[in-house]
Amino acid sequence: MITYLEAIREAQRQALENDPRVYIYGQDVGAFGGAFKATKSLAQSFPGRVLDSPISEDAMVGSAIGAALQGMRPIVEMQFADFSTVGFNQIVNQAATMFWRTGLPCPITVRLPSGGTPGSGPFHSQNLEALYAHYPGLILMTPATVEDAYAMLLEAVAIDDPVIFCEHKYLYYHLKADSLPKEALPAGKARVARAGRDATVVTYSAMVHESLAAADELATEGWEIEVIDLRTIKPLDTDTVLASVARTGRVLAVGEAWPWGGVTAEILARVAAEGFNLLDAPPMRLNSKDTPVPYHPNLWGTHRPTARSIADSLRVLLRS
Amino acid sequence: MHDMFRLAEAHRPSCTAVEFPETYRRAYRWMLLARVAEEKIASLFRGGRIIGGVFLGRGQEAISVATGMALRDGDIFAPLIRDQAGRLAFGESLLDFTLTYLGARSGPMRGRDGNVHRGRPKEGLLPMISHLGAMVSVVNGMLMAHRFQKKENTVGAACLGEGATSTGAFHESLNQAAVEKLPLILVITNNQYAYSTPNHRQFACNDLVDKAIGYGVKGHSVDGTDLSACLETIGGAVCAARDGEGPQLIIASNLRLAGHGEHDDAHYISQHFKELQLGRDCLDVAQNHMLAQKWADASMLDIWLRDSQSLVEEAVAHSLREPAPDPAKEDWCALASRHLLEGNPPQPTHLN
């Protein structure tokens, strides 16, 4: 068995093994192996290529950009996605604009340990995919499975553009698979995680699993729910979403991130604009509450969507 | 085409003492060309021919040219908005300047970015973004790449004003360079004002060079109006970095002899500064020095001026004839991986 976290480590090991241009840079990623041990033993296996950085997110990303311009393929580990806002300027203004302005690609991968876990609180729980997806020039990956965590991270390193890789901390240890994949869907292609005919849930990252659990619950009531795992937020696979809505006539978009201007809003805007006549009911969405992420598990469990709240939303959708 | 708009092949110094008067004369001619070129663009701006802002390096040419001249092939240069002289000395074509200011499709930025936001990163010349201090860590990363790639004896120089020393990016990047012991030359030109903000509202230390000790890097101070001092100080700092002595912080003092941009009348600049040594025009100082040393006479100076004027006129005339970008023919794609544009079919992934 291999966990989601181990898959991320193995992908990095593979990338270092395959490509001498790859190096890893981040806080505590060297001999210590990273705050979550995503780089455990890599510094020992690849001397000089897994480097501890000072606590300087701006300079971490800025230097990765410079190295990429000189032909390297850096992987930057943010200790938590939340801290990437300190490096935000370099990501959105330097990396994301580089190819458009100069014609020179900027192949960096920035790993963002994202999402909530019990007790993590306002500054160790955030989901920032919508923030980065807003900017042209970036690729946004949000793997929901062990297989995708591995395959998409390897793909991220190979892509010539800056990739923001949102790996979900809640899945690090919870999620296990028998083995690593030999092939994978490409970036930009969504996956039908569960087939159904009564309603479509469009979601990504950890919410795929909450949505699948909700679909199990609804199945006991006789409903067949289709669950789409977007895999990449940008590019967004609108075709797969619309094809599913064409089958079910009902759509619920679910995201763990905040509601305002987020990924779920983008999904529903596209469904409404391009698939209005496919809908048998008003489209719905479910996000976390519009407050900072709370610390206490009692509050956190209500703050974010869960299998129960997704199931409740689906019941409303199915009756409308 | 580009080469005829260069005065000469970019100077490629060795790590030895500055050779006067040849180096000094070459530096002066680049300073003069930068001054003439910028005055031409300022006049086009006043005539309504320039879209967007115009930012001049008037008064800053000595420190800038000394930086550009101390670098050589394989080095990295991240100029800021007042570094026209340094750009020319580093090897940027005058046409890159005029084509970009005039928004031509054929310029290096193709109308996608303008004025001072230009560069050729493949050739080591970084295109600045507007966020001050942000280019320094990019230079660091390029130098880290050189280390990975075993490219030896290269250095990187980044230019900032005193205002940028207040940013987090300045702090993070200088500390990063120190931790990694990178051959970074960080040139801070203290021209007394960041836009309109005087130094006493920008920082509270006695002297910016005192910051060097806090970062564990070598600090140098220089009179930014004195070309000899700039050539020697920057030349020495670049040699030290090239010899493995780690980051070098240079503080050059001068006065900005223009507005922040040409839209700014700079009424806030104190008369007091204009009467100090730092208020001198470095071009006048250099000219008087050459005449006093008999390194040039009035007729040489006049020939150099006319050479510069004709180069600039030619470059501007050429650039004015170049077509503007066409939105219908523009490639509206911000991704190098075209297959990842939305609407394009995804490509299969093969894992190793």
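**Figure 1. Contacts of B:Glu172 with chain A.** Leaving aside neighbours within four places in sequence, B:Glu172 is in contact with A:Ser56, A:Glu57, A:Asp58, A:Ala59 and A:Val86. The model shown here is predicted. B:Glu172 belongs to helix α6 of chain B, residues 168-180. A polar atom of the B:Glu172 side chain lies 2.8 Å from the backbone nitrogen of A:Ala59.

**Figure 2. The charge of B:Glu172.** B:Glu172 is buried, yet has no salt bridge. Where is the nearest side chain of opposite charge? That side chain is B:Lys211, and it is 15 Å away. A salt bridge needs a side-chain nitrogen of Lys or Arg within 4 Å of a carboxyl oxygen, so B:Lys211 does not pair with B:Glu172.

**Figure 3. A salt bridge between B:Asp113 and A:Arg101.** B:Asp113 forms a salt bridge with A:Arg101. The closest N and O atoms of B:Asp113 and A:Arg101 are 2.8 Å apart. Across the interface of chain B and chain A, the rule finds 2 salt bridges. Polar contacts between the chains join 23 residue pairs, both residues at pLDDT 80 or more.

**Figure 4. The side of chain B that touches chain A.** Two or more residues come from each of α5 (134-148) and α6 of chain B. Helix α5 of chain B gives the most, with 10 residues. By class, this side has 25 nonpolar, 13 polar and 10 charged residues.

Figure 5. In chain B, 48 residues are in contact with 59 residues of chain A. The area buried between the two chains is about 4,100 Å². Carbon and sulfur atoms give 61% of that area.

Terms used: Residues are numbered from 1 along each chain as its sequence is written. Chains are lettered from A and ligands numbered from 1 in the order in which they are written. This is a predicted model: local features need pLDDT of at least 70, side-chain atom pairs count only at pLDDT 80 or more; totals for chains, interfaces and linings use all residues. Side-chain values use heavy atoms; hydrogens and water are left out. Helices (H or I, at least four residues) and strands (E, at least two) are DSSP runs, numbered from the N terminus. Buried means under 20% relative accessible area, exposed over 50%, partly exposed in between (1.4 Å probe, protein chains only). Lys and Arg count as positive and Asp and Glu as negative; His and the chain ends are not counted. A polar contact is a pair of N or O atoms within 3.5 Å; within protein, one must be able to donate a hydrogen and the other to accept it, and residues adjacent in sequence count only if both atoms are side-chain atoms. Contact means heavy atoms within 4.5 Å. Buried area is the accessible area (1.4 Å probe) that two parts lose on being put together, summed over both. Ala, Val, Leu, Ile, Met, Phe, Trp, Tyr, Cys and Pro count as nonpolar, Asp, Glu, Lys and Arg as charged, and the others, Gly among them, as polar.
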